[in-house]
Amino acid sequence: MLKLKPLVPATFQQFANAKVSTSQLWEAIRTRGVKVECQCLLWFPLHIPKHSLIAWMVIFNRLPTRDRLLAFGISIDTCCFFCMDAAEKCDHIFFECSFSRKVWQSILCLCSIYRAVRTCRQELWIQRNKRYFGASFLTEDAVLVQD
Ligand SMILES: [Zn+2]
């Protein structure tokens, strides 16, 4: 223990002789980032932690996908495990892969939304461009029921 004392960062020196709680230590060492506006969609009472965590990692592109592992210097085949036809990237796994499109299509059907996933993405892009260029655009509900 005495050998480690010189290695204690200056941050902890202020607590050397004080009674400190873990929350005080946490506040001393944590870095605060910009608050993410969509956090309430993922982190809410009764959320399923693993679902929220994966969604969070997808949003910030932090899943250890093969393209990211390759970028970290890990020699690995980047081919998608589902379709074996494209590089495994976060967007590909969740939105572009033929396997994923079928899953999303089934989810849409379970929700009684009978539109192709591709059509939904195209419509979102169209609606995005309408907003960007100041044209009239549809509400979220109108996009879902649109033929
Ligand atoms: Zn794929």
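This is a predicted model: local features need pLDDT of at least 70, side-chain atom pairs count only at pLDDT 80 or more; totals for chains, interfaces and linings use all residues.

Q: Is α8 largely in the open or buried?

A: Largely in the open. Of the 16 residues of α8, the number buried is zero, so the helix counts as open. A residue needs 20 or more other C-beta atoms within 10 Å to count as buried.

Q: Which residue with positive phi follows α8?

A: Gly-134. Its phi is near 80°.

Q: Zooming out. How many helices and strands does the protein have?

A: Nine helices and zero strands. From the N terminus on, the order reads α-α-α-α-α-α-α-α-α.

Q: What radius of gyration does the protein have, against a compact globule of 147 residues?

A: The protein has 23 Å. A compact globule of that length would be near 15 Å. Along the principal axes, the C-alpha trace spans about 70 × 40 × 35 Å.

Q: And what share of the 147 residues is buried?

A: Buried residues make up 4%.

Q: What about contacts between residues 24 or more positions apart?

A: They account for 13% of the contacts with a separation of 6 or more.

Q: Switching topic. Which domains does the domain assignment give?

A: Domain 1 covers 48-114 and domain 2 covers 116-147. Their C-alpha centres lie 23 Å apart.

Q: What does UniProt list for residues 21-104?

A: An unreviewed entry there lists "domain: Reverse transcriptase zinc-binding" for residues 21-104. In the model, that stretch is 51% helix and 0% strand. Its end C-alpha atoms are 46 Å apart.

Q: One local check. Where does Val-20 lie?

A: In the loop between α1 (10-13) and α2 (22-29).

Q: Why is Val-20 classed as partly exposed?

A: Because Val-20 has 13 other C-beta atoms within 10 Å. Exposed means 12 or fewer, and buried means 20 or more, so 13 falls in between.

Q: Which residues is Val-20 in contact with, leaving aside neighbours within four places in sequence?

A: Phe-15 and Leu-25.

Q: Last one, on helices in general. Why do residues three or four places apart point the same way?

A: Because an α-helix has 3.6 residues a turn.

Terms used
Residues are numbered from 1 along each chain as its sequence is written. Domain bounds come from an automatic or database domain assignment. UniProt positions are given in the numbering used here, feature names are shortened, and annotations may be inferred rather than shown by experiment. Helices (H or I, at least four residues) and strands (E, at least two) are DSSP runs, numbered from the N terminus. The radius of gyration is taken over C-alpha atoms; the globule rule is 2.2 Å times the number of residues to the power 0.38. Two residues are in contact if their C-beta atoms, placed from the backbone, lie within 7 Å.
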